[in-house]
Amino acid sequence: MNKEWPIWEIFIRSKNGLEHRHCGSLHAADEDMAIQNARDVYTRRQEGVSIWVVESKHITASNPEKNGEMFEPAADKVYRHPTFYELPDEIKHM
Amino acid sequence: MLHEKLYDYLLHLGDNSMILGQRLGELCGHGPELETDIALTNISLDLFGQVRNYFQAAAQIKGGDATEDSVAMLRYEHEYKNTYLVEQPNEDFAHVIVRQFFFDVYHQLILNELMNSKNETLVAIAKKSIKEVDYHVDFSSTWVKRLGDGTEESHEKAQTAVSTLWRYSMELFKATETESWAAESRVGPDLDQLKSVYLERVSSILKEATLSLPEETVFQYGAKTGRHSENMGYILAEFQYMQRAYPNMKW
């Protein structure tokens, strides 16, 4: 039997209206404990108003060894950035 | 006269939280898991924060050069009014959690009543503290259930803690002269009336945790009136050391 508690990823919403952001991970035996631990570890200095916890095993991550094929092809495709448009002066907030 | 009673009553309220806070503080860096370590010391800090409020009020009543620190740290053992329950050692994690649970349920009941106190300071302190203590109750109750209804080993340890610590529970509800005064003058709750709700809440959580109260218990009384257990001297030795060695020192 594995005696180590599983790892959970913690997401905190810092204010209403903002999104939950990943802030770290911790150990907990179940989801209730994960929420309580997250509250005690990550929000003790008023960092948040809402907590999400996800057991790390439920997150599928990209393979770092495949970073070349995954991400490098995008490097020379600057035309994918919308920076080639001429904006009229009247448009202020783009 | 009234002031003396109120002073004593503030000590009753503050000393329980302070000694339990000190016990939890001993766990700093020694918790079973990093996350639990932080949780328990957070609770300790909550309790000390509440104690400061009580003792600032007490120091004001006392006057002269009394401060929250002198009220907290410069009394003799028999002048502390905390119960036996909170002096009990951190035997193992199950003891820490069960002690906390027995106290938290009581603490929550008391604060709920203090929110209707005739004394405005107590109302303010209770309103500020209740949210913290509601969380303490959640924390310790879920842990009691987790340990009791966990593995065979955790169940056994939790049951041992329940059976050992239960004998110190009823002292919480045995009113001293000061607490009777508080109830009569509607400054504090009538402890006797809270007992049945307490028993109900504790029993229902323990039932979920598949734990049981001992069938026969010889309850222990006396710490509240100054007759402390042998644990108390050791707690105070550590707690008071700095103030005794370096009088009037400040951080």
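## The sheet of chain A

Let's begin with three strands of chain A, which form an open sheet in the order β2-β1-β3, with antiparallel pairing. The edges belong to β2 and β3 (50-55) of chain A; each has a single partner strand, so one side of each is left without a neighbour in the sheet. On average, and ignoring direction, neighbouring strands of this sheet are turned by 25 degrees against each other. Bear in mind as you look around that this is a predicted model.

As background, strands of a sheet pair through backbone hydrogen bonds, either parallel or antiparallel. Here, strand β1 (residues 7-13) and strand β2 (residues 20-27) of chain A run antiparallel and are joined by seven bridges. To find your place in this pair, look for A:I10, which stands opposite A:G24 in β2(A). The hairpin of β1(A) and β2(A) has six residues between the strands, and in this hairpin A:G17 takes a positive phi near 100 degrees.

The pairing of β1(A) with β3(A) is also described as antiparallel, over six bridges. A handy landmark is A:I12, whose bridge partner in β3(A) is A:I51.

## A helix across the sheet

Helix α1 (residues 31-42) of chain A lies across β1, β2 and β3 of chain A. Its direction is at about 130 degrees to β3(A).

In soluble globular proteins, nonpolar side chains tend to be buried together. The largest nonpolar core of this model has 65 residues, and the members that touch the most others are B:I97, B:V98, B:F102 and B:A158. Helix α5 (residues 93-114) of chain B gives the most to this core, contributing 14 residues. There is also a second, separate core of eleven residues, which includes A:A28, A:A34, A:V41 and A:V53.

Not counting residues up to four places away in sequence, B:F102 touches B:L85, B:L165, B:S169 and B:V202.

## Two crossing helices in chain B

Now turn to α6(B) and helix α7 (residues 152-165) of chain B, whose axes come within 7 Å and cross at roughly 125 degrees. On the α6(B) side, the contact is made by B:V144, B:L147 and B:G148, while α7(B) brings B:S154, B:H155, B:K157 and B:A158. Sorted by class, this contact has three nonpolar, three polar and one charged residues.

## A buried tyrosine in a loop

B:Y168 lies in the loop between α7 and α8 (177-184) of chain B. With 23 other C-beta atoms within 10 Å, B:Y168 is buried, because 20 or more is the cut-off for that label. Leaving aside neighbours within four places in sequence, B:Y168 is in contact with B:T83, B:Y84, B:L85, B:Q88 and B:Q220. For a sense of distance, the C-alpha atoms of B:Y168 and B:Y246, 78 residues apart along the chain, are separated by 35 Å.

## Where the chains meet

Finally, the contact between the chains takes eight residues from chain B and eleven residues from chain A. On the side of chain B that touches chain A, α2 (34-62) and α6 (120-148) of chain B each supply at least two residues. The most comes from α2(B), with four residues. By class, this side of chain B divides into three nonpolar, two polar and three charged residues.

Note on methods:
Residues are numbered from 1 along each chain as its sequence is written. Chains are lettered from A and ligands numbered from 1 in the order in which they are written. This is a predicted model: local features need pLDDT of at least 70, side-chain atom pairs count only at pLDDT 80 or more; totals for chains, interfaces and linings use all residues. A nonpolar core is a set of buried Ala, Val, Leu, Ile, Met, Phe, Trp, Tyr and Cys residues joined through C-beta atoms within 7 Å. A residue is buried if 20 or more other C-beta atoms lie within 10 Å of its own, exposed if 12 or fewer, and partly exposed in between; C-beta atoms are placed from the backbone. Two residues are in contact if their C-beta atoms, placed from the backbone, lie within 7 Å. Two strands pair if DSSP finds at least two bridges between them. Ala, Val, Leu, Ile, Met, Phe, Trp, Tyr, Cys and Pro count as nonpolar, Asp, Glu, Lys and Arg as charged, and the others, Gly among them, as polar. Axes are lines fitted to C-alpha atoms, for helices over the stretch in contact, and angles run from 0 to 180 degrees between N-to-C directions.
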